[in-house]
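Here is a short briefing on charged side-chain pairs. Have the sequence and coordinates open as you read.

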Amino acid sequence: MLHGRAAKAETIFSVEGLLDPSYHIISIRGTYPSQKGEFEWFLPYDYDHPLESFSEDRFKDSENILTEMILELLKEKGFTEDRLFLMGFSQGAAMCYILSLRGKIKPKCVIPMSGFFPRPIMKWGSTNTSSEFLITHGTDDEVLQPSESIFAHEFLTSKGISSEYYAYKGRHKMTIPLLKHTDNWIKQHTPHNG
């Protein structure tokens, strides 16, 4: 689980009790101190014009650190990538797209929640197409427009990547109905080979 801007690893654990207790949940803290307090995944950019000012150097360090950490955790815990679900909220959702589509890590499923789609990905020569996506966004999000997640869903679909878009009633936060839907979706996509 990857948290959003101006948050910390512990923040996202508030959802843990709403997901199946058999899941092994790991949350990682953002790379950079945030100007708003706590941490974030991206170096500062123009928040009034995020898409225009956004470039790969804003997330390179976070991508490298997370890739190394996740691969190490999989090895340490004895898990295979076909049992890895990558989930993130807001900035964490954007990191989910970067990590899974780069292909150094190939999660079984990816759940970006209320995030934006990092445009540098569109210039990559190739992307990992093996992961399945559940993209979610609140209909009344006051921080990021749902059109960002719809854009991501349409981009993934155009690449032949399995993607489902789920709109839920709510603002820029996770809701209980959203987490129930997510929990059911994870169960439907979990390998049943022990």
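What follows covers the salt bridges of this predicted model. The structure holds 10 of them. Side chains of opposite charge can pair when their charged atoms come close.

**Lysine 108 and glutamate 132**
- Lysine 108 and glutamate 132 form a salt bridge, at 3.1 Å from N to O.
- The partners sit in distant parts of the chain, 24 residues apart.
- Lysine 108 is in the loop between helix H3 (91–102) and strand S4 (109–113), while glutamate 132 belongs to strand S5 (residues 132–138).
- Lysine 108 is partly exposed, at 24% relative accessible area.

**Aspartate 140 and lysine 169**
- A salt bridge joins aspartate 140 to lysine 169, with the closest N and O atoms 3.9 Å apart.
- Aspartate 140 lies in the loop between S5 and helix H4 (146–158), and lysine 169 in the loop between strand S6 (163–168) and helix H5 (176–189), so the bridge ties together parts 29 residues apart in sequence.
- Aspartate 140 has a relative accessible area of 40% and is therefore partly exposed.
- Lysine 169 is exposed, because its relative accessible area is 71% and the cut-off for exposed is over 50%.

**Glutamate 142 and arginine 171**
- The side chains of glutamate 142 and arginine 171 meet in a salt bridge of 3.4 Å, N to O.
- Glutamate 142 is in the loop between S5 and H4, and arginine 171 is in the loop between S6 and H5, 29 residues apart.
- Glutamate 142 is partly exposed, at 46% relative accessibility.
- Arginine 171 is also partly exposed, at 49%.

Definitions and conventions: Residues numbered from 1 in each chain as written. Predicted model: local features only at pLDDT ≥ 70, side-chain atom pairs only at ≥ 80, totals over all residues. Heavy atoms only, no water. Salt bridge = Lys/Arg side-chain N within 4 Å of Asp/Glu carboxyl O. Helix = DSSP H or I, 4+ residues; strand = E, 2+ residues; numbered from the N terminus. Buried < 20%, exposed > 50% of the residue type's maximum accessible area, 1.4 Å probe, protein only.
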